[in-house]
Amino acid sequence: MNNLNLNKASKIRSYLMISVLLLTAFSSCKKYLDIIPDNIPTIDNAFTLRNEAEKYLYTCYSFLPKDGDPTYNIGYMAGDEVWIPYDQREFGPNAWQIARGSQNAADPYSNAWSSRRGGGGPQDNSGVGFYGLFTGIRNCNIFLANVKDPTKVLDLRQDERERWIAEVQFLKAYYHFYLLRMYGPIPLVKSNIDISAAENDVRVKRAPFDEGVTYITSLLDSAATTLPLIIGDRGSELGRITKPIALAVKAKVLLMAASPLFNGNSDYAGFKDQDGINLFNTSYDANKWKLASDAAKAAIEAATAAGFKLYEFPVSAFKLSDTTKRQMSIRNAFTERWNAEHVWANPNSLAAEGLQRNAMARINTNIGVGTARQQLSVPIKIAEQFYTVNGVPINEDKTLNFNNKYSLRTAIRRERFHVKQGYTTARLNFDREPRFYADLGFDGGVWYKYDSPTSSDSATYVLEGKSVQLAGANNYGWYNETGYFIKKVVDWNMASTSSNISYRAYPWPQVRLADLYLIYAEALNETLSAPDAEVFDYINRVRKRAGLLDVQKAWTDYSSNPTKFGNQTGMREIIHQERLIELAFEGSRYWDILRWKKATEMFNQNITGWSVSQGTEQEYYKVRTIYPQSFIAPRDYLWPIRTYDITVNPKLTQNPGW
């Protein structure tokens, strides 16, 4: 699995140009949702032969949002996990304006509804705009209507026909889910509206939230019955949808629906449509957690049957310490292409040079300023969320003192695989869990990669981040704002010589098995008065790969709150923090904090970092406020619908507060 060439999965991406041309042809329609375009002969031609229909299949795939690019991954930049310099160069994600409190209804940022300001599917033929996800849903409906017709695409085998239908049912469900997560209640576009429909029929309204969840999961159930368990032709079909993918997304949908934002939220008690219908059921339903738990278990069972497992760094000819091997297991679980943990790796959204270049630090003189831009910065509070080496929060560890976490300390020999021996850095950077060192780069921190100066990790790269040093904030717009760099997303095969820099692209891991384990642990815990052995088992699987003690032993032996894991509330807090750590810098934190209804607490804290413009240890390691973040509840929990869209379609009701 680990050595497959990414180019073998390029077939989906090879159709993107054709997809754009098709989308251009289908763009002549009314400004309402989901009307069959008036160029019917063009559509008919698309479903005469298998080859043409296959191109349309990949048109439907092409709307998958580009999560491998932080410019378009909303969860990456809209929250508090990643920050960038205010005077950034050549990189200005729209979602970051949401993090800065600039969202608005006149022209919303990351607008996936009508596709503006970095929201939506593939780029249109102008090279500037994007197609909204409702356009993607319309194309899915066109595909389904035609391929389900046995009189069309006559050279298509029946087994292929059924599989293609299932794939597009999944895509249609996923696009609905993506919008539902952003906007709450949305119109459910079960079939396209005929172009001859009356104007009042064209103006669709938003369906209640729970109705949307039911519709999406029904599509996923239908797709899962037909989709293959595994990809048979790994040479050309990697990235196509499988049964484990469909069941994993179903688990995510139901987890979202069971969570506090959407389950018993009294903030939405008066939220009704134009006809007085409640768009949210504000009564808490405990059974929603049971549905999510069952769905997660089914997804795990399917993934296990398909051969998925948590990634472990294989035996290597390199002379590596156990410390570095553990870090490589953690780092490569995310970046190793098509590894056994990636239940859904999406080649339509490559984590290519853009993401890695904006995250990479200048750790040697071969790496030029423009080839490692260092812009993706991690606030200090995110660095603080990682556990101690004992596997408990830094404010709970009774054996390690972090009260002086911003003071200075010099690394000794036994710490040399984490921090350069003899280097002085913040106390915060010592005695931390393996994921801290695998995910983060920092001043004095070791950064091992494939082209290390020796085959050993005892003499490898070190990040030196003060302003007078190589990775310091000394280049306009291309610098790290906080002093913490995202090592996790940079593939260890990144190579630099005096004449060349190369980043190895990898398909974006939309769903990892570790995510499913944590979904199951969270949902199951909510169905119980106290966690049982199965809850502990699934969270401990993730912790074991991370090199940590089991929850029970870690808290019993090292926490100042040793009984925390013994009740539902305490275990909930542990599971939440485990998700925030394990899935850090994958675009998950923002959505989790919203669905947990914790944004008022988490997104109203200052964004802070070290004083990165300073050149001495004493001045550099002073905490400074970068931005006073603000979140207004309940308004900011849901996206605004663009005012123009509501003017065009008065049946749409604006979200509360907008």
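User: With which side chain does the side chain of Thr-388 make a polar contact?

Analyst: In this predicted model, the partner is the side chain of Asp-397, at 2.6 Å. Thr-388 itself lies in the loop that runs between helix 15 (380-385) and strand 2 (408-410).

User: Is Thr-388 buried or exposed?

Analyst: Burial is assigned under 20% relative accessible area. Thr-388 counts as buried because its relative accessibility is 0%. Leaving aside residues up to four places away in sequence, Thr-388 touches several others, including Pro-393, Phe-402, Arg-432 and Leu-548.

User: What span should helix 12 have, and what follows the helix?

Analyst: Helix 12 covers residues 287-305; at 1.5 Å a residue, its 19 residues should span 27 Å, and the end C-alpha atoms are 27 Å apart, so the two values agree. Helix 12 is followed by Gly-307, which has a positive phi near 95°.

User: In which sense do strand 11 and strand 12 pair?

Analyst: In a regular strand the side chains alternate between the two faces of the sheet. Strand 11 (residues 606-610) pairs with strand 12 (residues 623-628) in the antiparallel sense, over 5 bridges. Within this pairing, Ile-607 stands opposite Tyr-627 of strand 12. Strand 11 is mostly covered, with 4 of its 5 residues buried.

Definitions and conventions: Residues are numbered from 1 along each chain as its sequence is written. This is a predicted model: local features need pLDDT of at least 70, side-chain atom pairs count only at pLDDT 80 or more; totals for chains, interfaces and linings use all residues. Side-chain values use heavy atoms; hydrogens and water are left out. Helices (H or I, at least four residues) and strands (E, at least two) are DSSP runs, numbered from the N terminus. Buried means under 20% relative accessible area, exposed over 50%, partly exposed in between (1.4 Å probe, protein chains only). A polar contact is a pair of N or O atoms within 3.5 Å; within protein, one must be able to donate a hydrogen and the other to accept it, and residues adjacent in sequence count only if both atoms are side-chain atoms. Contact means heavy atoms within 4.5 Å. The expected span of a helix is 1.5 Å times one less than its number of residues. Two strands pair if DSSP finds at least two bridges between them.
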